[in-house]
Amino acid sequence: MEKNINLTLKIWRQAGPKVKGEFETYKLDNVSTDNSFLEMLDILNEKLVKERKEPIAFDHDCREGICGMCSLFINGHPHGLDGETTTCQLHIRRFHNGQTITIEPWRSAAFPVIKDLMVDRGAFDKIIQAGGYVSVNTGGVPDGNAIPISKVFADEAMDAASCIGCGACAATCKNGSAMLFVAAKVSQLALLPQGKVEAAHRAKAMVAKMDELGFGNCTNTGACEAECPKAISISHIARLNREFLSAKFKD
Amino acid sequence: MWLLDSSIGRKLIMSITGVFLVIFLLFHSIMNIVVIISPEGYNAICAFLGANWYALVGTSMLAAGFVFHILYALYLTFQNMRARGQQKYSVTKNQKSVDWASQNMLVLGIIVLGFLGLHMFNFWYKMQFAEISGIHTGQFDPANGAAYVEDLFSNWAYCVLYIVWLSALWFHITHGVWSALHTLGLNNRTWLPRVKMFANIISSIVILMFMSIPVYYLFGCAT
């Protein structure tokens, strides 16, 4: 049932990458519980613009949980307290009247803040560029039954491929590790015949890039899996370890 | 060298040394529990594992395992703190599925290491070290392990300290065992819960065997 609630928002404001940031508190009254979280921020920004103040910069794009652009660390959880959803799928009905909501950007040495709640997640793109693709000639589109792939592997690869690269795993990890992301991107290809050809090179190149960009070392806490909006399993991390170690021992 | 300059390589060293240390703990606990069943039998083991060359080789390999495990832990933790960044989150919440031990491995490791120093002073220094060096460091014969055990645990404070120490060790290895196997790549969706269960069983067996000794003396079952 729709109702209106009043919220206190503690939001991280930072004018630029090199500037020191701080929290600022905003009061926002009469927010409909039917609003999405990002709509609430839009309302706040319109209010700020009317008051001739600088609106809050935050990342967003598709607003339907598939692009991986939205981020935000809300009350101690990346993408808010709901499991298996992105920030754009979070609604104000999950909050109560008078609640204080703390909104922070992803904090990780490899994700520097650009402005306010917006961070540079280019590090993930660089990891993909290092080897997260298939570059062998796979020919034209083959007949659907020409390459048999077991249902188990197909499902596992599809689960890994559901990673949207939002960065919640690295943002929530106490070690700032990007292993879940890299594991998903390695697994989605390593499980399929076309990806197997370059599997060894891919695992080595992507892990090397991940280390170079300053991500931490995984200690298998499983926080990434718990906060992942796509619920990607840490069993993919074991597969990445396996791929990487067998590639290195073969050398 | 990829073992040193890649994150998975460094973790491989952590996991191999960790598995090695857990296997050592398993042997150590099996030998220790003999002291409850038969103090004479325990002394026979002590005499057998005295200052022989194979015991010395084993001890130095073990020490090397500890040193690598600890140095790499410190190095990895330092890197991880740097990766986390300067600015900390003001609000953080723990996830239900995340084990407390997994977030506190360094702290638990430091507790274990601190007590290890005490333990080495209480037993190793008076037993194997005394035998190697020929210096008489304790009040009993170096091979009379049972006498040292009984003497130390006649003090209830030591019994309690050892129980606290072993509890910290239990938390450390419940996460350590499955995490090491995970790092070695021996895991998938089906095996993940099984490996975790295996880790709990192994660490509980080891720690219960160790713990039964101070508990046995604490409640005066020996007299």
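Because the model is predicted, local features require pLDDT of at least 70 and side-chain atom pairs count only at pLDDT 80 or more, whereas totals for chains, interfaces and linings use all residues. Residues are numbered from 1 along each chain as its sequence is written, chains are lettered from A in the order in which they are written, and side-chain values use heavy atoms, with hydrogens and water left out.

Over all chains, the structure holds 14 salt bridges, a salt bridge being a side-chain nitrogen of Lys or Arg within 4 Å of a carboxyl oxygen of Asp or Glu. One of them joins the side chains of A:Glu156 and B:Arg189, at 3.4 Å from N to O. This pair crosses between chains, from helix H3 (residues 151–161) of chain A to the loop between helix H9 (156–183) and helix H10 (191–218) of chain B; helices are DSSP runs of H or I with at least four residues, numbered from the N terminus. A:Glu156 counts as buried at 11% relative accessibility, while B:Arg189 is partly exposed at 38% (buried, under 20% relative accessible area; exposed, over 50%; partly exposed, in between; 1.4 Å probe, protein chains only).

A:Asp159 is partly exposed, at 36% relative accessibility.

Within chain A, A:Lys204 and A:Asp251 form a salt bridge whose closest N and O atoms are 3.0 Å apart. The pair links distant parts of the chain, 47 residues apart, with A:Lys204 in helix H7 (residues 199–212) and A:Asp251 in the segment after helix H9 (235–250) of chain A. A:Lys204 is partly exposed at 22%, whereas A:Asp251 is exposed at 63% relative accessibility. Through salt bridges that share partners, A:Glu156, A:Asp159, A:Arg239 and B:Arg189 are joined into one network.

Conventions
Helices (H or I, at least four residues) and strands (E, at least two) are DSSP runs, numbered from the N terminus.
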